[in-house]
Amino acid sequence: MIRHLMAAGAIYLALILQPSLAATGVLQARPWLPGMVVVVVAMLVPGPAGVLWSGVLGLGVDGLTLAPPGIQLVAAVTVAAVLRIINADAGTPPVFLFLLQVAFATAVWRMSSILLLAELDDRDLSLTVLSKTVACEALTTATLAGCLAAVACMSSAALRRNSGSATVLRNEWSMLTGR
Amino acid sequence: MSSRSLLTTCCLALLGAALLLSPPKLAQSVRGAIADFLRPGLESVRLVRENVPDRFHTIAGEEPEAQSASEPASAALDAEKELNRALQIRLAQLEEKLGIDEQTPSGLSSSTRLVTPSLVEVAVLGDTMTEHWRSGKLIDHGSKNGVHENELVLSPKSGASRLLDVGQQFELSPEDTLLLGRCIIGKVEHVGRWTSTFHLVTDAHYRGRAQLIRKTGTDRYVFEATGILKGQGERLCKLEGVGAEHSVRVHDAVYTADRDGLLPVPLYYGEVVEATLNSDDREWTILVAPVQLPSHLTRVQLLRTSFNPDRLAVKE
């Protein structure tokens, strides 16, 4: 249950923060939070429920953009399915693999949705420019994910240290008082 | 991947495809429901942004709608620029061949007239973007704060008109000319706050002064009769007002007839493809084929007029 709540929270947070995210100097690329969250959701929620949460995320992104709804949903579900195949037998992936997956998910999601949108809108796209932009977005997202992972690691380490000393104190207190 | 996960994936992909093919009303209501659900969070973020303006504004990016729409547009920009450059080179060669430059002593920049023309490159909004802009989805909370687009631009009457992504901030005015290279393709109809509508030369409402130019002998061109070029809502336009006393031939070039003398060179409309004069007619019936537009019109040039700042400056 907690995992589902965490997934829902991460999705909502990503959706409300994405519009306000900063653009970096490189090709105006900016982190694509849904690309990061779809990987997190795939890790947090196993089975079909994870795919369902990814669909919710895609639908939310559809609500934020002007493109016809459905494009982002299809892209998100496709990415989630691919991630599920990649992580079929593995548990929680190491940090490097996680970052690689974030970059991969962002690139696939953005590329597929933009190409689909261009096709629907009858626009000619320069694939070179598009791939450069998407690659920059993927790198930016992976970098942000790396920073967040580092913060999360440090926080959990600090938490473990604190809880460890608290346990020792409690044990000493029990020994002294017999309670 | 388990069979249940696969089934869920397929169901969701089908749902996405169904949404994609759904009628616009359903799509709008879905988007509205999602936006309503996200609104509290988005409002909270907006409040934080407003309370921490200085720090946030330096790192804040565009709105997601604009980003999503601008990415395909920016990717298409390179290809359009390339095409534009090729057209301009070709047109410059033609212009040189025609020798029209020799008749014009000064360029645009060196003009000392009170009102001077200037070119600005603008984007034409795609069909989807235009529809969303007109339905008010692009500005979802602006109207509450008095921020709204000109009614004339959004009105259903102008629903057939396409939109440019520039408005009053670019000092546009109705009747400003729309160019593709050096060829006229239309003019501005209504100017809104951020967007403007325009007529193509072939649209039924289009009217513009035009003159015929004919090649005589070896590389010599003469100005012929002037008239009013009218769009007919079809592929061909009609040139009216050319009296029976003039001589008109098929393949005569049709250029602008600028009464204000603002432009150093006439701009090209197209060529005469049919010219008939019956025995009891007082005017020619002339059909003009305007320049062929690319299949996807995304970038055009806009010829606007503005006051010459040198002339407006007060001498001390």
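Visitor: In chain B, which element has the lowest confidence and which the highest?
Guide: Helix 3 (residues 53–59) of chain B comes out lowest, at a mean of 50; the scale here is pLDDT, the predictor's confidence in each residue, from 0 to 100, and helices (H or I, at least four residues) and strands (E, at least two) are DSSP runs numbered from the N terminus. Keep in mind that this is a predicted model, where local features need pLDDT of at least 70, side-chain atom pairs count only at pLDDT 80 or more, and totals for chains, interfaces and linings use all residues, while side-chain values use heavy atoms, with hydrogens and water left out. As for labels, residues are numbered from 1 along each chain as its sequence is written, and chains are lettered from A and ligands numbered from 1 in the order in which they are written. At the top end, with a mean of 92, sits strand 8 (residues 237–240) of chain B.

Visitor: How many contacts does the stretch at residues 56–64 of chain B have beyond near neighbours in sequence?
Guide: Residues 56–64 of chain B have a pLDDT below 50. Where pLDDT is low, the predicted coordinates should not be read in detail. With a contact taken as heavy atoms within 4.5 Å, the model's number for this stretch is 22.

Visitor: And how many contacts beyond four places in sequence for residues 139–147 of chain B?
Guide: Here too pLDDT stays under 50. Beyond four places in sequence, the model gives residues 139–147 of chain B a contact count of 8.

Visitor: What is the mean pLDDT of chain B?
Guide: In chain B, 65% of the residues reach 70 or more. For the complex, the predictor gives an ipTM of 0.74 and a pTM of 0.45. Chain B itself has a mean pLDDT of 73.

Visitor: How much of chain B counts as buried?
Guide: Chain B has 8 helices and 12 strands, and 65% of its contacts with a separation of 6 or more are between residues 24 or more positions apart. Buried means under 20% relative accessible area, exposed over 50% and partly exposed in between (1.4 Å probe, protein chains only). By that rule, of the 316 residues of chain B, the buried share is 39%.

Visitor: What covers the buried residues of helix 4 of chain A?
Guide: Those buried residues include A:Ile71, A:Leu73, A:Val77 and A:Leu83. From chain A, the cover includes helix 2 (33–44), helix 3 (48–64) and helix 5 (95–120). From chain B, the cover includes helix 1 (3–21).

Visitor: Which residue forms a salt bridge with A:Arg110?
Guide: A salt bridge is a side-chain nitrogen of Lys or Arg within 4 Å of a carboxyl oxygen of Asp or Glu, and the count over all chains is 4. In this one the closest N and O atoms are 2.8 Å apart, and the partner is A:Glu137. A:Arg110 lies in helix 5 of chain A and A:Glu137 in helix 6 (residues 127–177) of chain A, so the bridge ties together parts 27 residues apart in sequence. Both ends are buried, A:Arg110 as well as A:Glu137.

Visitor: Which residue does B:Glu240 meet in a salt bridge?
Guide: B:Glu240 counts as partly exposed because its relative accessibility is 26%. The N to O distance is 2.7 Å, and the partner is B:Lys230.

Visitor: What kind of pair do the rings of A:Trp32 and A:Trp109 form?
Guide: Rings of Phe, Tyr and Trp (its six-membered ring) pair if their centres lie within 6.5 Å; planes under 30 degrees apart count as stacked, over 60 as edge-to-face and the rest as tilted. There are 4 aromatic pairs over all chains. The centres of A:Trp32 and A:Trp109 are 5.7 Å apart and the planes are at 85°, so the pair is edge-to-face.
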